[in-house]
Amino acid sequence: MSKIILADDHPIWLRAASDILRQALEKESKTAEVETVENGRKLVERVVQGGYDLILPDYQMPDLDGLEATRLIREYDQEVPIYIHSCAGVRNQAMEAGATGYFDKSNLNFNTFCQLVAKHL
């Protein structure tokens, strides 16, 4: 089974995003284990432990932001897709950090998100 990890320090967004992610999986007839963490440090720890097919970190988090978490993950794994999400419009910074892509969570298009998820599972 595929594994996805979602990181965000805002509990309401984390819950909403994991619900949206599950709906996207259902729409695309995909199955995956969805894990959530509340900061970048925990994200890196989990990713290093193993086997994620898609990583979705928030741009701004305590302890370790999404950009630095992405840089650290890239030292360990160059291939896993990482899509940083934010309301801040940080596409260029995300790509420079080694992210596969970026999406604006304040203007999330559900169909586009479904396609993104399906592409990597």
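Me: Over how many bridges do E4 and strand E5 (residues 101-104) pair?

Reply: This is a predicted model: local features need pLDDT of at least 70, side-chain atom pairs count only at pLDDT 80 or more, and totals for chains, interfaces and linings use all residues. Residues are numbered from 1 along each chain as its sequence is written, and side-chain values use heavy atoms, with hydrogens and water left out. Helices (H or I, at least four residues) and strands (E, at least two) are DSSP runs numbered from the N terminus, and two strands pair if DSSP finds at least two bridges between them. E4 and E5 pair in the parallel sense, and the number of bridges is 4.

Me: Which residue in E5 does Ile-84 stand opposite?

Reply: Both faces of strand E4 (residues 83-86) are covered, and Ile-84 is on one side with Ser-86, while Tyr-83 and His-85 are on the other. These four residues are all buried, where buried means under 20% relative accessible area, exposed over 50% and partly exposed in between (1.4 Å probe, protein chains only). In E5, the residue opposite Ile-84 is Tyr-102.

Me: In the open sheet of 3 strands, what is the order?

Reply: The pairing in this sheet is parallel, and the order is E2-E1-E3. Each edge strand pairs on one side only. The edge strands are strand E2 (32-37) and strand E3 (54-57). From one strand to the next the twist averages 15°, and the order of the strands is E2-E1-E3.

Me: In E3, what is the bridge partner of Ile-5?

Reply: E1 and E3 pair in the parallel sense over 4 bridges. Within E3, Ala-7 has Pro-57 as its bridge partner. The bridge partner of Ile-5 in E3 is Ile-55.

Me: What angle does the direction of helix H1 (residues 11-27) make with that of E2?

Reply: H1 packs on the sheet and touches E1, E2 and E3; contact means heavy atoms within 4.5 Å. Axes are lines fitted to C-alpha atoms, for helices over the stretch in contact, and angles run from 0 to 180 degrees between N-to-C directions. Between the directions of H1 and E2 the angle is about 170°.

Me: How does H2 lie relative to H3?

Reply: H2 and H3 pack with their axes 9 Å apart, at an angle of about 15°. Angles under 35 degrees count as roughly parallel, over 145 as roughly antiparallel, 65 to 115 as roughly perpendicular and the rest as oblique. Therefore H2, relative to H3, is roughly parallel.

Me: How do H1 and H5 lie to each other?

Reply: H1 and helix H5 (residues 110-120) pack at an angle of about 70°, and their axes are 9 Å apart. Residues in the contact include Ile-20, Leu-21 and Ala-24 of H1, and Phe-110, Phe-113 and Val-117 of H5. By that angle of about 70°, H1 and H5 are therefore roughly perpendicular.

Me: Does Asp-58 count as buried or exposed?

Reply: Asp-58 is found in the loop between E3 and H3. Leaving aside neighbours within four places in sequence, Asp-58 is in contact with residues including Ala-7, Asp-8, Asp-65, Ile-84, His-85 and Lys-105. Because its relative accessibility is 4%, Asp-58 counts as buried.

Me: What distance separates the C-alpha atoms of His-10 and Asp-58?

Reply: His-10 has its place in the loop between E1 and H1, and at 47% relative accessibility His-10 counts as partly exposed. Along the chain, His-10 and Asp-58 are 48 residues apart. Their C-alpha atoms are separated by 9.5 Å.
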